[in-house]
Amino acid sequence: MSRTRISRPAVAVLAVAVSGVVAACGGGSSSQTASARPSWREPSSYTYTLTSSEGERSLLGTFEVTVRDGKVTRVVGADEDSRRVARQLSGRVPTIGDLLAEADAARDEGADLVDVDRAADGRPTRVLLDWEEDAVDDEAVYGISDYRPSAAPGRDGR
């Protein structure tokens, strides 16, 4: 039986080549996907449906939210409980930008979990926050659906 010796420089070259193949097949693809995702800029006017759940908070329920000139101008609850919450919180329902700012603040404050799911165009579809993993009722989950940008308010103010 004959033995073939491989020199150290050849081993180094092989190691680099193998790591490149592994990165191309697995590890590198997720970072490429994240960097290839388009960034999303919040328009000044749009509507969306907010489903807010989890935790002990006053903003719980499903709401159709209208944003004009960067401010929430209309909130309609999907059911009686959500309509009651909308009346009570009239000026405190968040824009999508407010939800992203809340996620950034939670991240800066060292929350145990901050997760923002995004659509292919980069806009957020869900924001999940958990400030302390072992605490009860400090979580917040915001579902963002039925997003519709609008160029300007119509005659009826919507």
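**View 1. Tyrosine 46 is buried, with a relative accessible area of 0%.** Buried here means under 20% relative accessible area, with a 1.4 Å probe and protein chains only. Tyrosine 48 is buried too, again at 0%. This is a predicted model: local features need pLDDT of at least 70, side-chain atom pairs count only at pLDDT 80 or more, and totals for chains, interfaces and linings use all residues. Residues are numbered from 1 along each chain as its sequence is written, and side-chain values use heavy atoms, leaving out hydrogens and water.

View 2. A search of the whole structure gives 3 aromatic pairs. Rings of Phe, Tyr and Trp (its six-membered ring) pair if their centres lie within 6.5 Å; planes under 30 degrees apart are stacked, over 60 edge-to-face, the rest tilted. Tryptophan 40 and tyrosine 147 make an edge-to-face pair, 5.8 Å centre to centre with 75° between the planes. The pair links distant parts of the chain, 107 residues apart. Tryptophan 40 sits in the loop between α1 (8–36) and β1 (46–53), tyrosine 147 in strand β6 (residues 139–149). Helices (H or I, at least four residues) and strands (E, at least two) are DSSP runs, numbered from the N terminus. Both tryptophan 40 and tyrosine 147 are buried.

**View 3. Tyrosine 46 pairs with tyrosine 48.** Their rings are tilted: 6.0 Å centre to centre, 40° between the planes. Ring pairs join Trp40, Tyr46, Tyr48 and Tyr147 into a cluster.

**View 4. Helix α3 covers residues 96–108.** Its 13 residues should span 18 Å at 1.5 Å a residue, and the end C-alpha atoms are 18 Å apart, which agrees. The expected span is 1.5 Å times one less than the number of residues. The buried residues of α3 are Ile96, Leu99, Leu100, Ala103 and Ala106. They lie on the same side of α3, because they cover an arc of only 120° around the axis. That arc is taken from the directions from the helix axis to the C-beta atoms. These buried residues pack against β1, β4 (113–118), β5 (124–130) and β6. Glycine 110 follows α3, and its phi is positive, near 80°.

**View 5. Confidence along the chain.** pLDDT is the predictor's confidence in each residue, from 0 to 100. The protein's mean pLDDT is 78, and 72% of its residues reach 70 or more. Over residues 1–35 pLDDT stays under 50, and the model has 4 contacts (heavy atoms within 4.5 Å) beyond four places in sequence for them. Residues 153–158 also stay under 50, with 5 such contacts. Where pLDDT is low, the predicted coordinates should not be read in detail.

Technical notes
Buried < 20%, exposed > 50% of the residue type's maximum accessible area, 1.4 Å probe, protein only.
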